[in-house]
Every structure is written in C-alpha cells, then in structure tokens.
Amino acid sequence: MNKVNEDLLRERSKCTFNIEELTHFLDGGIEVTLERKRREQAVLSKREELFCGVPDEYLSHKEKYENSIRKGTILFKILRQIYNMENSNLSDYRNVLNGVLGASISQDGSPFGLHYIMFMPVLISQADEEQKKKWVDRALNCQIIGTYAQTELGHGTFIRGLETTATYDLETQEFILHSPTLTSYKWWPGGLGQTANYCIVVAQLYTKGKCRGIHPFIVQVRDEETHEPLPGIKVGEIGTKMGLNSVNNGYLGFDHVRIPRTNMLMKHAKVLEDGTYIKSKNNKLIYGTMVFVRVIIVFDSVNYLSKAVTIATRFSAVRRQSQLKEGEPELQILDYVTQQEMIFTAIAGCFAMKFNARRLWDTFNGINTQLHEGNFERLGELHALACCLKAVSTADAARFTERCRLACGGHGYMHSSNLPLTYALTTASCTYEGDNTVLLLQTARFLLKVWREIDTVPVTPTIAYLKTVSSPGFQDKWENSIKGIVRGFQIVSMKKISSCVEIMTNKIMSGMSQEDAWNTTSIQLVSAAESHCRAIVLSTFHEDLSKMSSTVSAPLAEVLQQLLELYTVYWALEKYGDLLLYTSISKTDIEYLRRWLVTLLGKIRPNAVGLVDGFDIIDEMLDSTLGAYDGRVYERLMAQAQKSPLNADTVNKSFHKYLKPFMKGKL
Amino acid sequence: MAEHNVCVELVRERQKCTFEVQELIHLIDGGITATEERREVENVVCTDPRIKDVVPEEYLSHKERYENAIRKNCILQEILKKYTEKRTWDNFRPSNKYRISSGVVKDISPFMLHTGMFIPTLVNQSDDEQKAKWVPKAMSMEIIGTYAQTELGHGSFIRGLETTATYDPNTEEFVLNTPNLTSYKWWPGGLAHTANHCIVVAQLYSKGQHYGVHPFFVQIRDIETHVPLPGIKVGEIGPKLGFQTANNGFLGFENFRIPRRNMLMKNAQVLKDGTYIKSKNDKLTYGTMVFVRVIILFDLAFELSRAATIAVRYSAVRHQSQLKANEPELQIIDYVTQQHKLFIGVSTSHVFRVVGLWLWNTYVKVNADIGKGNMDQLPELHALACCLKAVCSRDAAARVEEFRLACGGHGFMTSSNLPIINGIVSASITYEGEFSVLMLQTARFLMKAWNGVLARKTLTPTVSYLSKFSNSDRVQWANTTAGIISGFQAAAAGKTKEAYAAIQSYLKPGTDYEDAWNSASVQLVSASEAHCRAILCEISWSEMQRLSKTVSPNLGKVLLELAELYLTYWSLEKRGDLLMYTTISTADIAKLQARYEELLALIRPNAVGIVDGFDIRDEILNSTLGAYDGRVYERLMEEAKKSPLNAEPVNESFHKYIKPLMLKAKL
Ligand SMILES: Cc1cc2nc3c(=O)[nH]c(=O)nc-3n(C[C@H](O)[C@H](O)[C@H](O)COP(=O)(O)OP(=O)(O)OC[C@H]3O[C@@H](n4cnc5c(N)ncnc54)[C@H](O)[C@@H]3O)c2cc1C
Ligand SMILES: Cc1cc2nc3c(=O)[nH]c(=O)nc-3n(C[C@H](O)[C@H](O)[C@H](O)COP(=O)(O)OP(=O)(O)OC[C@H]3O[C@@H](n4cnc5c(N)ncnc54)[C@H](O)[C@@H]3O)c2cc1C
C-alpha cells in the first residue's frame with residue numbers, strides 16, 4: 001500500500017460517522033457488502049492480465065477491441081467460477097455482473113455486455129418453455145454469444161416503423177428474414193459487429209400475406225465453428241463512437257435468410273405450422289420488460305455518478321490552488337464554496353437517486369406480481385414513472401458528472417482521470433432505451449389523462465399529490481422547510497399540468513387538431529413531466545429517508561439528513577422561477593434558502609471525503625489518476641503518461657519524415 | 001459538390017427558404033471579397049490529394065494518429081505558406097478564413113499553440129531587438145514553439161508556479177529548474193514531440209531576490225536532430241477527452257541555462273549585472289489575455305455553427321414517429337421540442353459572432369488608447385472579457401451537447417463529428433482561465449463598481465447601467481425587446497447588490513473579508529453571470545438590429561427573428577430572475593412563451609437556409625449527418641465500412657479467445 005496523501009489522512013480523521021456503516025447501508029446490508037468484496041477479490045486475482053499493459057486509450061480501435069475480447073473471456077471464466085462457487089441462480093447473474101464485472105470488464109463497455117443485459121433477459125421472458133430449454137443454458141454457459149437487434153439505421157424511437165421483414169413460408173415452415181432497404185439494416189446492437197454468433201432480431205412479421213407487427217426472432221448470424229457470417233448475412237461494426245468503444249456495436253443486413261418457424265420467440269404470440277397467427281393474450285406484458293430495463297438504468301446512473309463524485313471529491317481535497325488570503329498557504333480547492341456547490345450537490349444527487357431507484361424497484365416488483373396475475377391497473381402509472389425517472393436520472397447524472405469533471409480543472413480533461421469516459425457512459429444513457437424527450441412526452445401523456453379524470457377516477461399513489469394540492473381546502477402557504485419545498489414542487493407540477501390541459505383545450509376549441517395541439521404545446525409538456533418527476537424524487541427521498549433514519553446510527557442519520565436538505569434546497573434554488581411563478585414563495589424566502597444552502601455546504605464539508613469513501617469503489621474500478629484512495633494524484637498522472645508509446649522514443653519518426661523537411665522548406 | 005444527388009427533403013427545404021443564402025454568407029464572412037478569399041484558400045487545400053485519409057483518424061492508435069496529424073499539418077502549412085507569400089499574413093484577427101485546418105485533421109493541430117500563443121506572445125512581450133530576431137523565424141516556421149505556463153500543480157494560480165529562473169551574473173545566463181514533480185510544465189499543446197522552442201513562464205530570481213513570474217524564450221530540442229537538449233525532460237501527457245492530436249506535453253528542467261537576453265523584455269528587464277527593472281505597467285499583460293479571449297469567443301461561434309449545420313440538416317432528413325396515425329412519419333425538425341433544442345443554438349452562434357466582433361473593435365480602440373498612454377479602460381475590458389469567455393464557453397458546450405443529443409443515437413457516432421466538436425468546445429471552459437475563477441474575477445470588478453454606485457461615482461460604460469437600477473426594488477416590466485434588455489440589467493443590478501449585501505452580512509466581527517467573499521461566492525458567480533447575460537442581450541440585439549438594416553429586407557427579417565429568439569429564450573430561462581427584480585407578471589410570461597413558440601415556427605421554414613448560410617464545406621464539417629447533400633444513411637454505412645475491423649470477416653480474437661471459451665463450456 002502506498003503512503004496516503006496527508007490531506008486525505010486529515011480529511012478521514014475528521015469524519016464524524018462510521019464509513020463502513022454507510023457502505024453497508026448503500027450496498028443493502030453487510031452480507032451484500034461481503035459478497036461484493038468476495039467477487040472483487042476474484043477479479044483482482046487476475047490483476048496482471050486485467051489491469052496491466054499499455055492502457056486501452058493508446059491502442060488503435062481494432063487493438064482495443066481485441067484486448068476487450070481477451071479481457072472479456074477472462075472475466076467469463078471468473079464468472080463461471082463464481083456461479084459454481086455460489087451456486088447462483090439465473091436471476092442473480094445480473095447482480096453478479098453489476099457488482100463488479102460490468103464495470104471492470106472494460107472501462108469503455110464490453111462486447112459481451114448485451115449478451116447479459118438484453119439477450120438473456122429477452123430469451124427468458126419471451127421464449128416458450130421448449131425454446132428456453134433449447135437456448136438458455138447454452139447462453140448462460142457462453143456456448144453461444146448473443147445480442148439484441150432492434151434499432152435500425154432508419155428507426156430507433158419509432159419501433160413500429162422498423163423495416164426488417166420476417167415472412168413465413170408455408171412450404172418449408174420457415175421465416176425468411178430480409179432487409180429491403182439501406183435504412184432497414186440493424187444498427188447499434190452491442191457485440192453484433194464481430195463478436196456475437198446469435199442474436200434476437202426484431203422484425204415485422206408477415207404471415208398469409210398480412211403484416212402482424214413486430215416480433216422477436218432468434219437468429220444465428222455466424223458459424224459456431226469458423227465464426228464466418230452465414231450466407232445471406234451482412235454483418236460488421238458501425239465504427240467509433242464518443243464512448244463505449246469496446247462494445248463492438250454492429251450492423252446487420254439480411255438477404256432472404258431462412259430460419260425455422262420455431263425460432264420465433266413464442267411465449268406470447270405464435271405462428272402455427274399452417275401459418276395461422278395467434279395473438280398474444282396480453283401484449284402489455286412487454287411494458288414489464290421495458291420498465292425493468294429502465295429501473296436498472298436508474299441504478300446505473302447512480303453508479304456512474306458515484307464514481308464521478310469520488311474522483312472529484314478526493315482530487316479536490318488533494319489539490320491546492322490559490323491563496324484565499326495573502327501570505328497563507330494555498331487552499332484545498334474543496335474549501336472554495338463554489339467548488340462545494342458543484343460537488344456536494346452531486347453527492348446528494350447520488351443518494352436521492354439511490355432512494356428513488358430502490359423505491360421504483362420495489363414498486364416494480366409489487367406491480368409485476370399483479371401483472372402476471374392479469375391485473376394491469378397500475379401498469380400505466382408504473383410505466384409513466386419509469387419513463388420520467390429514467391429520463392431525469394440519466395440527464396442529471398450526465399450533468400452532474402460533467403460538473404464534477406469541470407471541477408477538476410484541466411486534469412479532469414485527462415483521459416486518465418476517467419471522468420471523460422464516465423461522462424460518455426452517462427450521456428449515452430440519455431439516448432438508449434428511449435430518448436429522454438420522447439420518454440418525458442410519454443409521461444406527460446399519462447399525466448394529462450390523469451388530470452382530466454382527477455375528479456372521477458380514484459388516484460393511485462404516485463399521483464395522489466395532484467389531488468391533494470388541488471383540492472378546494474388546500475392552503476398554499478410557503479414554508480421554508482423540506483416539507484414546504486416538496487409541497488411547492490408538487491404545486492408547480494400540478495399547475496403546469498393543468499396549464500397544459502388548458503392550453504391544449506383552447507387550441508383544440510379554436511379548430512386545431514388534437515395532434516397539432518399536442519405538438520405545439522410539447523415544450524411545456526416536457527417541462528410539466530420533468531416537474532412531476534422532481535416532485536416525486538424529492539418526496540420519495542424525504543419519505544424514505546425519514547422512515548429509515550431510526551435504523552442507522554445517529555451520526556450517520558445526521559449526515560444523511562444534511563444531504564436531503566442540501567438536495568432539496570439546491571433544487572428549490574435551481575427552479576426558483578417555477579416556485580415564484582406558481583407558489584407563494586417570496587423574495588425573502590429565497591434569500592433564506594440561499595443562506596441555508598451555504599450553511600449546509602459548510603456542515604457537509606468535513607464529511608465529504610468520508611461520504612465518498614462510503615461508496616467503497618476500489619481503485620481498479622475507479623481507474624482514475626485523480627481519484628485513487630491514496631490521493632497520489634501527481635505521481636499517478638506522471639506514471640500514466642509514461643505509459644504512452646509516444647514517450648518511448650525521444651524523437652518521433654515523423655520529425656525526420658515531415659517536420660524537418662517542412663521547417664527547412666523542403667517538403 | 002453536385003457529385004451526388006441531394007436528398008429530396010433538403011431540396012424541398014432549400015426551395016422554401018425566403019432569403020438569399022449568398023447574402024447571409026457574405027454577411028458572416030464580412031463581405032463578398034472575404035467570402036471569395038476564404039473559398040480560394042479552402043479550394044487550394046481541399047484539392048490537394050495528399051490530405052485524404054484512407055482510414056479515418058479515429059481508428060488509429062494514439063501514436064499513429066499523432067504521426068498522421070504531423071504529416072498532414074506540415075502539408076497544410078506548406079500550402080498556406082505558398083498562399084500567403086503573395087499576400088499579407090492576416091491571421092491575427094477574428095476571421096473564418098483559415099477554418100480549413102479542421103478539414104485536414106479533425107481534431108486539434110499540434111501546431112495550434114504555435115500560431116495561437118507562441119507568436120502572439122513573442123509579438124506582444126519581446127522588445128524590438130528580440131522581435132527582429134525571433135518573429136520572422138517563427139512566422140516562417142523555421143522554429144516551432146508553444147507556450148508553457150501551466151504546471152502539474154498550478155494552473156489557475158499563476159503566482160504559485162514553481163519553475164525557477166535564477167540569474168547567474170557570472171555567465172549572464174538564467175538557470176532554469178523544476179525543483180519537484182508538481183513544478184513540471186504540463187499541458188502545453190505541441191510541447192511533447194513537436195515544438196523545438198517554447199515560452200516558459202517561471203519565477204524569476206536575481207541577486208537573491210524573488211521578482212515573480214516572467215516569460216522566457218527557451219530552446220528545448222536540437223534543431224537538426226530534434227533530440228531534447230541536455231537538462232530537458234520532455235514528453236506527452238497522454239490521451240484526453242479531446243485534443244487527441246494536440247500533442248500536449250510535459251517539461252522539466254535540470255539546471256538548464258539560457259542567455260540573459262532570452263527573457264522577454266518588452267516590459268520588465270534584467271540587466272547584465274542582475275539589476276531588475278520593473279515593468280512600467282502591470283496591467284499591460286491584460287492585453288494579450290483579452291486578445292486570446294476574443295479569439296476564443298469567435299472560435300466558439302464557429303464551432304457552434306458547425307454543430308448547428310449538422311444537427312439542423314440531419315433533423316430535416318430524419319423522419320421518426322407518426323404525429324398523426326396513417327400519415328407519413330414526420331421530419332423530426334417538425335417536432336416543436338426538436339426546434340426548441342436546435343434554433344437557440346443556431347441563434348447563439350450569430351450572437352457570439354456579433355458580440356465577439358464588437359468586443360474585438362472595443363479591444364482595438366482600447367489598444368490604440370494604450371498606445372497613447374491611456375490605460376483607464378483596460379480593467380473594464382478585462383473584466384468583460386473574463387465573464388464573456390466563461391459564460392460563452394459554457395453555453396457553447398451546452399448547445400453542442402444539445403445538438404448532439406438531438407441527433408439521437410447517430411449523434412453519438414464519431415462520424416457525426418459532434419463528439420469531436422464537443423471535445424474541442426468543452427475544453428475551452430477550462431483553458432485560458434477556468435470558469436469559476438474568471439467569473440469571480442468579474443465579480444471583483446462588479447463589487448468595485450457597486451462601491452462606486454454607493455459613492456455616487458460615474459461608472460465606466462459597460463457597468464453604467466448599475467446606477468440606473470440601484471434604487472428601485474423592482475423595475476417596470478415591458479413585453480418588448482427593450483423591456484427584456486432592461487429586465488436583464490435590472491436582474492444584474494439586483495444580483496450585484498445582493499451579492500454585495502451577502503458579503504457584508506457574512507462579515508461578522510472576527511471574519512476576514514476573504515472568508516466572507518468565499519461564503520458569498522456562489523452568489524458572486526451568479527451576479528457575474530447576470531451581468532454577462534445583460535451584456536450579451538444588449539449588444540447582440542443592437543448589433544443584429546444594425547446589421548439587419550444593411551441587408552435586404554428578407555434577410556433582415558430573419559436576423560431579427562434570430563436575435564429576438566435569443567432574448568425570448570433567455571427571458572424564459574431566467575424568468576426567476578425577472579420575477580425577482582422586475583414587475584413581470586404570470587400573464588407576461590405566458591405571452592413570452594407564446595411569442596417564443598411563434599418565433600420557432602417563423603424560423604422553421606428557413607432553418608436549413610440559415611445553416612447553409614454558415615457555408616461550411618463538407619470537408620470542414622466532417623460529418624456523415626451534416627453533409628450538404630443529406631445522404632445520411634449512405635454516408636454512415638460508407639464510413640463504417642472504412643473500419644479496419646470490417647476488413648476481415650472474422651477477427652483473430654475469435655480463434656484466440658472466444659472459441660476456446662465456448663469449447664470449454666461444452667466440456
Ligand atoms: C451507445 C448506444 C448503444 C445502443 N445499443 C443498442 C442495442 O444494443 N440494440 C439496439 O437495438 N439499439 C441500441 N441503441 C439504439 C438506441 O436504442 C436508439 O438510439 C434510441 O432508441 C433513440 O432512437 P434514435 O436513435 O432513432 O433517435 P431518434 O428517434 O431519431 O431521435 C432524434 C431526435 O428526434 C426526436 N424525436 C423522435 N421522435 C419524436 C417524437 N415522437 N416526438 C418528439 N421528438 C421526437 C428525439 O427527441 C431526438 O431529439 C444504442 C444507442 C446508443 C447511443
Ligand atoms: C485542452 C487543454 C489545453 C491546454 N493547453 C495549455 C497550454 O497550451 N499551455 C498552458 O500553459 N496551459 C494549458 N492548459 C492548462 C490550462 O490553462 C489550465 O488547465 C487552466 O488554467 C485551469 O487551471 P487548473 O487546471 O490548474 O485548474 P484548477 O485551478 O486546479 O481548478 C480546479 C478547480 O478549483 C477551482 N478553483 C481554483 N482556484 C479557485 C479560486 N481561487 N476560487 C474558487 N475556485 C477555485 C476551480 O474553479 C476548479 O473548479 C490547457 C488545458 C486544457 C484542458
């Protein structure tokens with residue numbers, strides 16, 4: 001173990017709560033923490049093979065891919081060991097993956113990621129029993145490697161518009177897959193480029209001359225022995241991206257490729273031998289999977305952001321810059337209040353979103369049971385909630401991560417800080433699994449419906465507040481407290497929703513079509529959906545923290561309370577335009593909130609390093625020169641730079657070839 | 001250009017355009033001649049066959065990418081040298097004439113600092129004799145230089161730099177040393193393997209006395225062999241978020257000697273005997289800083305225009321989702337939420353350009369006054385340039401990200417070029433003055449100004465509005481452009497006043513002013529921002545109005561729409577401020593919102609025409625999504641095909657790693 005930086009030592013000694021207690025709390029219990037650590041140890045046992053050598057960022061795109069395959073297979077082996085050791089069941093693999101392997105396979109994503117994140121879950125939830133028997137074990141053992149191919153060059157958001165066709169051929173009892181246009185090529189699926197030999201393809205089903213809409217098919221794309229693309233399959237990678245460059249996202253085109261009838265995933269809809277199409281009994285179940293994936297994304301956002309704040313906080317404790325007072329030592333930049341505002345609000349954001357992700361997960365599990373019993377009452381509500389939480393949590397994570405990066409000054413721009421990659425990961429999640437604008441509009445659609453029926457239909461939990469704050473006896477009196485602010489956000493949301501309904505009604509009355517009214521009001525609709533989500537996030541954080549605070553020790557409870565207050569006051573000040581517009585908050589109240597914010601920053605300051613230590617992200621996963629536990633920032637920056645192949649020669653060959661002739665005017 | 005057919009959507013959009021695009025092009029360039037000259041340069045460079053890449057640079061290893069950048073930039077410089085031989089060199093004012101460099105290498109050139117900082121510093125800070133000796137060599141690139149100020153340990157706080165230059169009167173030399181790791185120079189562009197000279201900023205010691213930081217002209221590599229000179233430790237700092245080809249380097253000195261006359265001596269001097277002669281005016285160095293920041297503003301306008309061109313053209317070509325059942329899918333540019341993301345960015349590019357030019361003209365005037373010995377306006381200009389650089393760089397980065405996200409998944413592709421533009425733009429939030437640090441500098445100026453208000457002094461031009469609003473609590477609102485501008489000034493004055501009051505309130509007995517300052521710093525930054533927004537609104541509106549009168553009515557109308565959109569957008573964004581400091585009502589805000597949506601609709605038919613007006617050649621745009629012909633999907637696929645991974649159907653890693661893994665599973 002290296003010597004730990006003096007400033008960090010001092011910070012840690014100041015911490016008022018027990019860091020391990022926080023770690024257990026964040027993990028969900030001491031057993032979970034221990035299990036996570038065991039898995040981390042398994043990965044660290046391959047330190048040489050996984051974490052040494054020329055860092056990925058120096059390699060060519062192709063070499064980087066090859067390296068990620070090498071590392072990925074090592075991790076697969078570890079994964080198998082863990083299965084055997086722990087006798088894990090299927091539902092646990094996601095947990096295993098998330099705990100450690102997901103992130104450390106490669107900081108820039110993995111070509112095997114989609115195999116676990118989408119291929120297997122879709123098989124499990126959409127294949128019938130016989131199909132499951134045939135495929136799931138092979139997939140779990142990596143005898144086959146798959147991905148999920150839905151998006152096409154021409155269509156991502158609008159899935160009904162997909163162009164790939166699967167036409168049933170009665171004669172041979174096969175489906176013929178075809179990509180009729182350039183825009184119908186599959187485009188984006190992770191691992192599809194050079195890695196997967198199977199994939200689930202979403203295509204428009206045609207039987208008996210009729211289009212039956214989109215359905216999933218399992219399709220072999222490469223030979224299991226030679227890995228050559230099968231005849232009729234055109235497959236390759238889509239090229240470099242802003243991030244996730246080890247993911248091997250691919251394209252895929254079909255030229256009349258035939259697959260057996262039984263390769264359509266038939267748990268829900270079916271095609272019989274004679275081509276008869278049998279509709280799914282309840283096509284709403286598909287929403288269940290979508291919600292599931294979005295819950296996971298909310299958790300992921302918290303994980304990414306936890307990394308970013310760990311890096312920014314530790315760096316800010318180590319970095320000294322500027323004399324606040326002439327003749328005194330330079331300040332740790334963590335002591336600048338502007339810096340605290342950037343970083344501590346992000347720390348608070350991790351906690352807020354963690355509480356919300358947990359609540360969403362519980363709600364999902366509760367409702368999911370109802371769904372499988374055929375009760376769809378709360379599906380709309382759940383879907384609307386998952387949509388806006390996915391949108392807001394990813395957008396916040398991206399924004400806060402970028403703030404953390406900027407808070408590290410120039411060094412935050414270094415790849416080796418790992419902040420650029422972390423930002424790329426968060427910002428990608430603003431697009432995949434539903435573009436954020438499109439998702440917020442879906443939530444808005446639900447909210448308008450709820451509002452129109454508010455007096456006639458019983459309200460469900462997540463929207464109950466709309467009724468409360470709009471009921472005749474409700475007193476809108478501003479109060480400078482957490483409860484008061486949460487109330488304020490609920491009022492804002494309610495008023496924005498009601499105002500949208502009113503604007504749209506007026507437009508329609510004056511002769512505009514429903515759709516045009518929708519479109520021309522959509523900026524305000526998005527804003528209403530965001531406000532709704534903010535109200536939910538704040539109230540959930542508040543409620544759930546109050547419920548559990550008696551279960552933790554007093555010092556920890558106190559810090560958590562400070563984070564809750566900081567988060568709430570921060571957002572009140574961020575959105576004070578809304579509050580001024582829709583609630584009775586006054587100028588003096590706002591001045592009060594500003595001071596409250598500064599006071600809270602001061603209270604959190606001594607515990608800042610302790611808080612991020614509590615996330616307990618090991619150095620190998622943090623992978624940051626600025627954020628390592630020992631705070632040896634400058635040594636690591638220099639050591640990492642020395643690994644550059646450019647630095648292996650004092651004079652690069654381009655000098656003799658180009659630079660010198662040019663300087664001498666002889667090029 | 002008519003190599004390929006233009007897609008129907010863009011043809012249709014261009015037919016709809018209501019103004020003469022050529023006229024807009026000339027306006028942006030600053031006249032027909034300027035347009036012709038720019039195109040001439042672009043033609044010379046683009047027709048050179050040596051600049052075409054077979055494999056796009058993003059697929060190369062870090063080292064190969066650098067080598068490629070050197071090769072092509074040498075070619076570029078040689079072409080430009082020939083071109084400028086016949087003309088006067090005119091690179092040192094804001095102009096788009098030489099933007100073709102991004103058509104040669106997509107990311108930043110390793111020579112950027114040579115022209116951007118090395119030459120300007122030589123010109124501004126060396127005395128006449130030194131200038132005569134160095135400048136011609138630098139101009140002809142017989143020597144290549146960079147500017148080395150930042151160290152591992154210090155960026156913002158320049159007084160804290162640790163590199164020393166100690167005068168030795170015996171040999172009449174300075175001895176340069178980097179006494180510890182944190183004193184290594186770190187960041188200078190081109191320093192790693194490209195430059196053979198650099199300006200080094202170091203702590204000057206003479207006769208045992210310390211005289212603060214000064215610039216020195218230092219040769220670091222042998223002219224013939226390029227080998228680092230003895231006592232010099234130099235190399236690259238490694239990959240970054242962007243700037244991959246900028247070749248940023250580190251530099252350490254071990255008793256490295258340079259002649260006395262290598263200190264840049266226009267201002268301060270060291271005589272042979274070691275006597276130090278102070279600069280007559282410390283403020284003089286502000287000049288170069290202001291110059292660089294004006295150029296940054298102008299560069300930001302250009303980068304925004306690139307991103308805008310890509311996102312707007314793509315949004316016209318892309319169709320997604322049916323707004324109305326059974327109708328064709330909409331061009332995404334017809335979604336009002338999409339217009340909300342796009343048009344403000346288009347307008348911002350114009351705003352930054354006109355404000356940048358206004359600042360430039362002011363700078364030229366102030367410089368002329370300095371020549372006459374009048375430096376009164378320098379602090380004001382400096383304060384203005386600080387906040388403009390800070391706010392505009394952050395706004396530009398936000399707009400670029402908004403453009404990128406508006407392109408959905410495809411915006412994440414490197415081939416869209418939006419990720420690279422993001423890398424370039426977001427770096428500028430940090431270099432040449434970190435955001436918060438600059439904002440706090442402007443805030444200091446504002447606090448001084450507010451002291452002036454209290455003392456009833458006459459204020460300098462850019463802050464004179466403060467006294468106008470110092471008494472009234474809330475300013476009368478008017479729903480006009482003049483009303484908006486005065487609303488922004490009222491907000492700036494209100495915030496300045498409150499930040500001032502906040503400092504006073506934190507100044508309890510026993511508290512230092514600086515601690516109070518720190519506690520109030522979040523509010524101080526906010527006051528600076530408000531001041532900057534007021535300037536941006538006022539100047540952009542008056543400049544755009546002035547310009548609109550110089551062009552034909554149709555174009556004039558479009559310019560005013562763009563300018564009004566900017567004001568309206570920001571009034572809505574900052575409505576909290578307006579509610580606090582003016583008498584604006586809920587009804588006024590609803591009217592602004594309606595007007596904003598009206599402006600989006602007015603701009604919509606001209607959107608493609610407006611970005612065509614930026615006249616950015618496909619080679620400079622470098623984007624599969626933004627090319628003039630709109631062949632988006634064809635280009636995405638063509639570009640993907642260039643990936644070396646796609647050259648072979650089966651990658652070797654299959655046989656090496658994946659297959660053994662799969663086989664083991666079977667056993
Ligand atoms: C890193 C990454 C990995 C991915 N991995 C996979 C994968 O493994 N498998 C897979 O199948 N796909 C994958 N995708 C694709 C992803 O699911 C899509 O990019 C996503 O669904 C967004 O769709 P799009 O790209 O078509 O955007 P578009 O829908 O074209 O969006 C472009 C713009 O249009 C706007 N817009 C579109 N429709 C509407 C509307 N109705 N109303 C208002 N505005 C609208 C959007 O708001 C956005 O601003 C991946 C994408 C990324 C970035
Ligand atoms: C792409 C790139 C290219 C560059 N090129 C060059 C180059 O060619 N030559 C060169 O010399 N340098 C170069 N730099 C370095 C650049 O000038 C510095 O990074 C910049 O000045 C910021 O300083 P810093 O990195 O020390 O940040 P820091 O000052 O360490 O900032 C870290 C954090 O501390 C906060 N902070 C610091 N001081 C204060 C204060 N007094 N009050 C409140 N908060 C404070 C900041 O707000 C920030 O959040 C480059 C940087 C980049 C990113």
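Reader: Which ligand 1 atom does a backbone N or O atom of G156(A) lie 3.0 Å from?

Author: An oxygen atom of ligand 1. Keep in mind that this is a predicted model. The backbone of G190(A) also has an N or O atom 3.2 Å from an oxygen atom of the ligand. For A406(B), the value is 3.3 Å, again from a backbone N or O atom to a ligand oxygen atom. Alone, ligand 1 exposes 960 Å², and the protein buries 92% of that.

Reader: Where does ligand 1 lie?

Author: Ligand 1 sits between chains A and B. Its surroundings comprise 30 residues. The closest are T151(A), T157(A) and D435(A), with R318(B) and Q338(B). Two helices, α13 (436-452) of chain A and α9 (336-371) of chain B, each supply at least two residues of the shell.

Reader: How many nonpolar, polar and charged residues does the shell have?

Author: Twelve are nonpolar, 14 polar and four charged.

Reader: Now the strands. Why is strand β2 of chain B largely enclosed by the rest of the structure?

Author: Buried here means under 20% relative accessible area. Four of the five residues of β2(B), residues 164-168, are buried, so the strand is largely enclosed.

Reader: Which strands do bridges join to β2(B)?

Author: Take β3(B), residues 173-177: five bridges join it to β2(B), and the two run antiparallel. T164(B) has N177(B) as its bridge partner there. Four residues separate the strands in this hairpin, where E172(B) takes a positive phi near 55°. Then take β5(B), residues 197-206: three bridges join it to β2(B), and this pair runs parallel. In β5(B), L204(B) stands opposite A165(B).

Technical notes
Residues are numbered from 1 along each chain as its sequence is written. Chains are lettered from A and ligands numbered from 1 in the order in which they are written. This is a predicted model: local features need pLDDT of at least 70, side-chain atom pairs count only at pLDDT 80 or more; totals for chains, interfaces and linings use all residues. Side-chain values use heavy atoms; hydrogens and water are left out. Buried means under 20% relative accessible area, exposed over 50%, partly exposed in between (1.4 Å probe, protein chains only). Two strands pair if DSSP finds at least two bridges between them. A residue is near a molecule or strand if one of its heavy atoms lies within 4 Å of it. A polar contact is a pair of N or O atoms within 3.5 Å; within protein, one must be able to donate a hydrogen and the other to accept it, and residues adjacent in sequence count only if both atoms are side-chain atoms. Accessible areas come from the Shrake-Rupley method with a 1.4 Å probe; for residues, only the protein chains shown count as cover. Ala, Val, Leu, Ile, Met, Phe, Trp, Tyr, Cys and Pro count as nonpolar, Asp, Glu, Lys and Arg as charged, and the others, Gly among them, as polar.
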